[in-house]
Structure formats: C-alpha cells, structure tokens
Amino acid sequence: MGLNSVTVTRLQGGLGRRATNLDGVIGVITSGVAVSSTFVLGTIYPLKSIKDLEALGVDAAYDTTNATLIHHHISRIFFHNPNAEVHLMALAQTTTLAAMVDVANVSNAKKLLKDKNGRIKLLGVIRNPASGYTPTLSGGLDDDVIAAIPKAQALVEEEAGEYRYCSVIVEGRSYNGTAAAATDLRTLEAPGVSVVIGADKDVSGSNALYNGYAAVGDYLGMLSKAAVSQSPAEVIDDFDLQDTANSYWLNPGLSSNALISAQTKSTLDTLNDKGYIFAIPQAGLTGIWFNDTHTCEAIDNDYAYIEGNRTVDKAIQLARVKTLPRLNSRLLIDEETGQLTDAARTGIEENAKAAIEPMKTDGDISGGIDCFIDPEQNLLAGDALAMELTFTPVAIGRQIQISVGFNNPFN
C-alpha cells in the first residue's frame, strides 16, 4: 500500500483544442499585391492562424491600402474555425477568376492543388480587382464568374483523375439584383462547383471596390468545420454567422451591395432554386445562417449539394488507400473456373467495406455498406478487377412540415 499520499494526474482536453480536420483543409486562390519579399505572388503560403498571414505583411492595413479583401477573407475563415488549415496563393490583380482555375494555367490553381497532393479539399476562388475595374454583367453576375464555372469543373475533373478531390467555391461577384434574369446555375452541369453571392453589407459598403464582393471566406470557414456529410446551413449556434461583438453579419446582403432585408421572399426563393448561396435570418431566432450548399448541377443529381460530393470523395479516398496494397498482388484463381476463388473475392470485398466503416461510426453515412465483385470476371484473360462499393447516405432535412391546430379533449 505504501505511504499515505495525495496522487496527482494530468487531465487532457480541458483547453478544448482539436486536431485539424483534414476533411476541411482549405486552399484559397485570389488576386492581390505583393509585399516586398514577404508576400510573393504565385507562391503558396501555409497558414495555421491569421497571425501567419499578418507575419507576411498582409494585415488589415494591407487591405485598406490596396483596397483588397485578402486579410478579410482569411480572418473570417479563422474566426469561424480557429483550427482551420489554409493554403493561400495570390496572383496579379489582372488575373480573372476563369484564369485562376483554368487547367491550362499550370502555375495557378492547378499548381496549388497539385503541390498539396490532395490535401486541399475545399478551394475558394476570390478576385480582388484593381482600382478602376468595371465588371461586364452577364446572366446576372460579373461575366468572369460565369466563365469560371466550366473552367473550375474541368479542374475538379482533372484533379479527380489524379486521385485528388476537392469542391470549388467561386466568388459570385456583382449580382445585378434581378433574380428572374440571373443564370440558373442548376443547368450548368458543374457538380463540383458552387457560387456564393451572399455578402456582409457592412463590408461591401465600406469601399466602392468592395461593392461586388461575396463572402467566400465566411463560407469556407463554416464548410471547413462541418463534417463531410453536414450542411453548414444547419440552423445551430456553430453555424451562426452573426457576431455582435465584432459587428459581423449585422446586416446580411448580396454581392449587389443590397441588403437581404430589401429582397422579397419571392426573389430569395428564386435565387435559392437557381442554386445561389447567400445568408439569411431565421424568423424567431437571433442570428444569420447560409441558405444551403447548392452546386451548379440539377436538383435531381446525386451531387446537387456539396455534402454529397464531400461524402463520396471521402469514401473514394478511404477505399482506394485501403485497396492499394492489393495492386500488383497475387490473386488466387479457381483452377476449374478460371475465376477468383470465393475466399479471395470475399476477402477483397470485406477489406473495401471495412475502409469506409469509420464513416458510419462518425455519422457521415447511415450504413448499408456493401461491396460486390462479379464472380464471372476472367482475370486470367486480362479483365480488370472491378468492384462496386455502395452505402446509404444520411439525409438533410431541407423541408420540414409541421401541422399545428387545436384539440378538444371532450370531442
């Protein structure tokens, strides 16, 4: 038993620190102004806090001096998610959104994603034009936005072909305020791309050059702390944009430099149905939340929402990594049929299913995990080993209907 004593042990977790969520690693490609030798255009800078950016000479004063919003967007990311990991690249202010994401420009977004080798899962594309820039409007937005969408989708597809998966969030600059004439983003067949037109009106109204900005930094911050299957439009405190102490989102608006409160319900319904992302209040609650996670894809597509992409992308990566040790491995063949033995086939199927089992534990999928390898495949004749891995997703309650009325207990 030993001497009488007081035993002391260390507690862990009291500070509430969390490990970086690798499912939400952010890349930001934007335009800006170099700072001597500390902030060089075309260079990738890893950031773990806003102090890392400010150490490069990009602080609030930088934004004011250069009429940019680089510090603003990055600071909003870290405000909403202090544990975020951001990789930032800035290009010349003459660089268009379309040029930033064009796969032909190998020193732009392509370089950012390739150099990080699949680590970046969310890519924000933001423009800070130089003084004197006047947007040409097309389909209700700066025509640069519309031109960037197919370029961004091509980038997503090329990256996926190299086993790097990400969702692209494009700044929906200079919405012209006419919902009926706005491009229907859901017709553009770009499931890997989303467009934000929501804006903090106190930011957009602070400088004429900011009038057409959209709150991509805020959206990335919320997305990065959401689980892959979770919508950052969930009406809970974690996803409330409004912070009165810092005067954030006291006046939600659009990239038209107009207030949300000045829009009719019909206008907002139209913008929502056309796939635009913006921020709104909820009657009866104090706060501001994003409306949804739309992608530029038809509403009946499996990837009409960002969480659909993120969930499947994660499952692909987990299954691929788990299956890679089978590549170039020996596979036993039934000597009579020339096909995989039942034991070999079952082993591979169980291995693939186990790869995404943690997603069920984490609540990112509902279950129903199944893997099937057609036993008729003839590997000796050169067939590729094909398997199909499926699961049941979680659902997002986008529409909730409540019937309320009186009840007479004596009736």
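**Helix α9**

I began with α9 and found K265, S266 and D273 exposed on one side of this helix, exposed meaning over 50% relative accessible area with a 1.4 Å probe on protein chains only, and buried under 20%. The model is predicted, so I kept in mind that local features need pLDDT of at least 70 and side-chain atom pairs pLDDT 80 or more, while totals for chains, interfaces and linings use all residues. Residues are numbered from 1 along each chain as its sequence is written, and side-chain values use heavy atoms, without hydrogens or water.

Within α9, residues 265-273, I noted T267, L268 and L271 as buried. These buried residues fall within an arc of 95 degrees seen down the axis, so they line one face of α9; the arc is taken from the directions from the helix axis to the C-beta atoms. I then looked up their packing partners: β10 (252-254), β11 (276-277) and β12 (279-281). After α9 comes G275, with a positive phi near 90 degrees.

**Pockets**

I next turned to pockets, each an open set of points on a 1 Å grid over the protein atoms alone where a 1.4 Å probe fits, with protein on both sides within 12 Å along at least five of seven lines; lining residues have an atom within 4 Å of a point.

I recorded a volume of about 1000 Å³ for the largest pocket; a volume is the space filled by probe spheres set on the points, which are joined across faces, edges and corners. V312, A315, I316, A319 and L389 are the closest to its centre among 35 lining residues. The largest share of this lining, 9 residues, comes from α10.

For the second largest pocket I noted about 890 Å³. Its lining has 29 residues, with I280, Q282, N291, D292 and R398 nearest the centre.

**Nonpolar cores**

Lastly I examined the nonpolar cores, sets of buried Ala, Val, Leu, Ile, Met, Phe, Trp, Tyr and Cys residues joined through side-chain atoms within 4.5 Å. The largest has 44 residues, and V28, F39, L47, I74 and V86 have the most contacts inside it. I found that α8 gives the most to this core, with 5 residues. Apart from it lies another core of 41 residues, including I120 and V195.

Definitions and conventions:
Helix = DSSP H or I, 4+ residues; strand = E, 2+ residues; numbered from the N terminus. Contact = heavy atoms within 4.5 Å.
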